Amino acid sequence: MKKIVLIACVSKKSDKKQKTELLYQSSLFKKELQYAKEVIRADKIFILSALHGLLNLSDEIEPYNLTLNDMAVAKRKAWAEEVLKSLRENADIEKDEFVFLAGERYRQFLIPFLKNYSIPMQGLKIGMQLQWLTKELVKQNEK
């Protein structure tokens, strides 16, 4: 069983084409990525992009401005179907463990198809998520 982290895209982006790992610029995204690498020690990390679906950290894309938060339910369902198709190509949705570092709209139509998943920051507002991530990263560095 592999640990796979799914991180939502964010609105704050670099102004030029580059790898997704560097494109997304928010403090929250950077801490989530660090948490996925250092605390979870994920086998794979993917970005849930409102425009591109499932992205690898090494995928190079242009900046864009789109979010699932403003999208109609039918479009979010179609987006989730495409993401699930990509997940099936890159993971075992029956056996792998998925960790969502993504809001409700990004996980809503994916969760019913995944056997093993967790949402460590479920219900926390962005400020609380940043505090939680900081605390978890400090604990990890003290080990």
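**Note on salt bridges, core and local features**

1. Glu-104 is partly exposed, with a relative accessible area of 44%. Here buried means under 20% relative accessible area, exposed means over 50%, and partly exposed lies in between, using a 1.4 Å probe and protein chains only. This is a predicted model, in which local features need pLDDT of at least 70 and side-chain atom pairs count only at pLDDT 80 or more, while totals for chains, interfaces and linings use all residues. Residues are numbered from 1 along each chain as its sequence is written, and side-chain values use heavy atoms, with hydrogens and water left out.

2. Glu-104 pairs with Arg-107 in a salt bridge, at 3.5 Å from N to O. The term requires a side-chain nitrogen of Lys or Arg within 4 Å of a carboxyl oxygen of Asp or Glu. Both Glu-104 and Arg-107 belong to helix α4 and sit 3 residues apart, about one turn of the helix. Helices (H or I, at least four residues) and strands (E, at least two) are DSSP runs numbered from the N terminus. Arg-107 counts as buried because its relative accessibility is 6%.

3. The structure holds 4 salt bridges. One of them joins Lys-37 to Glu-21, with the closest N and O atoms 2.2 Å apart. This pair links distant parts of the chain, since Lys-37 is in helix α2 and Glu-21 in helix α1 (residues 20-23), 16 residues apart. Lys-37 is partly exposed at a relative accessible area of 40%, and Glu-21 is partly exposed at 28%.

4. Another salt bridge is formed by the side chains of Glu-94 and Lys-115, at 3.7 Å from N to O. This pair too links distant parts of the chain, 21 residues apart: Glu-94 is in the loop between α3 (73-90) and β6 (97-101), and Lys-115 is in the loop between α4 (104-107) and β7 (116-118). Glu-94 has 44% relative accessibility and so counts as partly exposed; Lys-115, at 56%, counts as exposed.

5. The largest nonpolar core has 48 residues. Such a core is a set of buried Ala, Val, Leu, Ile, Met, Phe, Trp, Tyr and Cys residues joined through side-chain atoms within 4.5 Å. The residues with the most contacts inside this core are Leu-6, Ile-7, Tyr-24, Leu-48, Phe-98, Phe-100 and Tyr-106. Two or more residues each come from β1 (3-8), α2, β3, β4 (53-56), α3, β6 and α5 (126-142). The most comes from α2, with 6 residues.

6. Phe-98 deserves a separate entry. Leaving out residues up to four places away in sequence, Phe-98 touches Ile-4, Leu-6, Leu-87, Ala-91, Asp-92, Ile-93, Leu-114, Asn-116, Tyr-117 and Ser-118. Contact means heavy atoms within 4.5 Å.

7. Gln-129 lies in helix α5 and counts as buried because its relative accessibility is 14%. Not counting residues up to four places away in sequence, Gln-129 touches Leu-28, Glu-32, Met-121 and Leu-124.

8. Arg-41 has a positive phi of about 55° although it is not a glycine. Arg-41 is in the loop between α2 (27-40) and β3 (44-49), and counts as exposed because its relative accessibility is 55%.
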